[in-house]
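Q: Can you walk me through this model? Start with the terms, please.

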Amino acid sequence: MSAIFNFQSLLTVILLLICTCAYIRSLAPSLLDKNKTGFLGIFWKCARIGERKSPYVACCCIIMAFTILFSE
């Protein structure tokens with residue numbers, strides 16, 4: 001089943017995207033900062049979410065890990 005049609009998989013993909021973009025921006029900020037608008041602006045926005053809401057994103061990652069490990 002595709003990640004688009006499975007809600008738990010969709011949430012996992014979104015969390016991984018946020019965490020990956022925040023990590024890439026911490027290593028090379030100019031890579032994401034030059035694309036603040038348009039289609040590639042999605043990655044900049046995900047990086048901003050990961051930076052500003054990092055405690056909440058970390059809690060969501062931990063909860064998602066437990067649900068993947070112990071619910072299936």
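A: Buried means under 20% relative accessible area, exposed over 50%, and partly exposed in between (1.4 Å probe, protein chains only). The model is predicted: local features need pLDDT of at least 70, side-chain atom pairs count only at pLDDT 80 or more, and totals for chains, interfaces and linings use all residues. Residues are numbered from 1 along each chain as its sequence is written, and side-chain values use heavy atoms, with hydrogens and water left out.

Q: Is C19 buried or partly exposed?
A: C19 is partly exposed, at 31% relative accessible area. C19 sits in helix α1; helices are DSSP runs (H or I, at least four residues), strands are E runs of at least two, and numbering starts at the N terminus.

Q: What does C19 contact, leaving aside neighbours within four places in sequence?
A: V57 and C61. Contact means heavy atoms within 4.5 Å.

Q: And how far apart are the C-alpha atoms of C19 and I49?
A: They are separated by 9.0 Å, with the two residues 30 apart along the chain.

Q: Switching topic. Which residues make up the largest nonpolar core?
A: Eight: L15, I18, C21, L32, C46, A47, V57 and M64. α1 (7–27), α3 (41–52) and α4 (54–71) each give two or more. α1 gives the most, three. Such a core is a set of buried Ala, Val, Leu, Ile, Met, Phe, Trp, Tyr and Cys residues joined through side-chain atoms within 4.5 Å.

Q: What does M64 touch, not counting residues up to four places away?
A: Q8, L11, T12 and L15.

Q: Which feature does UniProt place at 54–71?
A: The unreviewed entry gives "transmembrane region"; UniProt annotations may be inferred rather than shown by experiment, and positions use the numbering here, with feature names shortened. In the model, that span is 100% helix and 0% strand, with end C-alpha atoms 25 Å apart.
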